[in-house]
Amino acid sequence: MSNQLNPQVETLFLLWNCPWEDKEAIISELEKEGFSGREFYQRHLLPIETYYQIFSENMMSCSGADYLKELDIVALSVYAGMLTEHPDWLENFSGISDHEVSDCIEKMILSDLEEGYDDVFDYLEEAQELSEKAKWQLIVLQHRGKEVLSQILEAVKLNLPAYEKAAAAIENEINSLMEQFGQSLNASDKTGLMRLPGQLNPDAVIIPTLALPMAILVVSQIGFYGLLCSKLSPDSASEITKEELLVGAKALSEKSKLEILLCLKEKSRYSLEIAELVGLTPATVSHHMNSLLGAGFVEFERREGKVFYKLAEDAVKRFFTGGGRLLLR
């Protein structure tokens, strides 16, 4: 596990997500999830805005950077995983054989699956959880791996100085967040969203990221953990706050979300099974799960080549018990 930002991965994520999203749009999304959007932005996201601004002012354009901006986040996580496992590729990629590249790509895409697909194409043909955009980009990666990776690696190498300037501009904020991350990472009883990478893969190495501050990506045995995720999830041992009450109430505000929780009372289920039981599309279930995960009402684990969701009973009890105390005391 790492207690440092990975410059190569940070540069990759910054290129993908640059420029930083419109402030008002982010505030609006936070409000939809039950947060005090403007207050949250002022308290936590202003350094991220600076991070992206400095990077944007110093970044160098190239074909690889342009290609990155079009990637689906699933394909992005595969590139990030390869870059993490093979940092040496940045300097000597020309000496890597096509076979080595192909094996690495296949490992990144298939290693977490337990159903024994023969190759990437077989898996992508049946992978209903992936968007058509993600499938196509992974097919391109498998078919033209070295050519595409060469462009991506060149873009990262070219823009490492821009990352270094951006990181230096908010060094104090990074050090503070990394200290908090280290404490959470080393805690014997992980709480909130810090548990999610391990639920997807118990052997996952957790890599912190500030470029995707509120995201969690898991590929192969690597989990990329946004450093602001701790600000989005409650500590199970603490009293519930007004903000958490609003987030939980928002997560329960639609009948479909409640139906999802009810169907998880009996046992854990995977997304397609949930979609059939509650009469929703897999995409809608995935959208609702983001809200339920953010509120802490569901947890998940990977088994049998699928992601299974289960009711987080302790978190649900905490919400209703703590909410009652907050409102009635």
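Mentor: This is a predicted model. The structure holds two cavities of 30 Å³ or more, and the volume of the largest cavity is about 50 Å³.

Trainee: What makes a space a cavity here?

Mentor: A cavity is a set of points where a 1.4 Å probe fits but cannot get out. Rolling a probe the size of a water molecule over the atoms shows where empty space is left.

Trainee: Which residues line the largest cavity, and how many of them are nonpolar, polar or charged?

Mentor: The lining consists of Leu12, Tyr79, Met82, Leu83, Trp89, Leu149, Ile152 and Leu153. By class, eight are nonpolar, with no polar and no charged residues. Tyr and Trp count as nonpolar in this scheme. Helices α5 (73–85) and α10 each supply at least two residues of this lining.

Trainee: Where is phenylalanine 93, and why is phenylalanine 93 called buried?

Mentor: Phenylalanine 93 sits in the loop between α6 (89–92) and α7 (98–110). The relative accessible area of phenylalanine 93 is 8%, and buried means under 20%, so the residue is classed as buried.

Trainee: What does phenylalanine 93 touch?

Mentor: Not counting residues up to four places away in sequence, phenylalanine 93 touches Val101, Lys146, Leu149, Ser150 and Leu153. Leu149 and Leu153 are also among the residues lining the largest cavity. Between phenylalanine 93 and leucine 149 there are 56 residues of separation in sequence, and their C-alpha atoms are 8.9 Å apart.

Trainee: Why does histidine 288 count as buried, while asparagine 175 counts as partly exposed?

Mentor: Histidine 288, in helix α16 (residues 282–295), has 4% relative accessibility, which is under 20%, and therefore counts as buried. Asparagine 175, in helix α11 (residues 171–186), has 45% relative accessibility; this lies between the 20% and 50% limits, so asparagine 175 is partly exposed.

Trainee: Which residues are in contact with histidine 288?

Mentor: Leaving aside neighbours within four places in sequence, they are Glu254, Ser256, Lys257, Ile260 and Leu280.

Trainee: What share of the protein chain is buried, and what share of the contacts joins residues 24 or more positions apart?

Mentor: Of the 329 residues in the protein chain, 49% are buried. Among contacts with a separation of 6 or more, 68% are between residues 24 or more positions apart. The chain has 17 helices and six strands.

Trainee: How is the packing of α3 and α10 described?

Mentor: Two packed helices are described by the angle between their axes and the distance between the axes. For α3 (residues 37–58) and α10 (residues 145–169), the angle is about 150° and the axes are 8 Å apart. Tyr51, Ile54, Phe55 and Asn58 of α3 meet Asn159, Ala162, Tyr163, Lys165, Ala166, Ala167 and Ala169 of α10. By class, this contact has eight nonpolar, two polar and one charged residues.

Trainee: What is the handedness of that crossing, left or right?

Mentor: The crossing of α3 and α10 is right-handed.

Trainee: Which residues are joined by a cis peptide bond, and what is omega there?

Mentor: Cysteine 18 and proline 19 are joined by the cis bond, with omega about 5°. Proline 19 lies in the loop between α1 (7–17) and α2 (23–32). Most peptide bonds are trans.

How values were computed: Residues are numbered from 1 along each chain as its sequence is written. This is a predicted model: local features need pLDDT of at least 70, side-chain atom pairs count only at pLDDT 80 or more; totals for chains, interfaces and linings use all residues. Side-chain values use heavy atoms; hydrogens and water are left out. Axes are lines fitted to C-alpha atoms, for helices over the stretch in contact, and angles run from 0 to 180 degrees between N-to-C directions. Helices (H or I, at least four residues) and strands (E, at least two) are DSSP runs, numbered from the N terminus. A crossing is left-handed if the near helix is turned anticlockwise from the far one by less than a right angle, and right-handed if clockwise. Contact means heavy atoms within 4.5 Å. On a 1 Å grid over the protein atoms alone, a cavity is a set of points where a 1.4 Å probe fits but cannot get out, and a pocket is an open set with protein on both sides within 12 Å along at least five of seven lines; lining residues have an atom within 4 Å of a point. Grid points are joined across faces, edges and corners, and a volume is the space filled by probe spheres set on the points. Buried means under 20% relative accessible area, exposed over 50%, partly exposed in between (1.4 Å probe, protein chains only).
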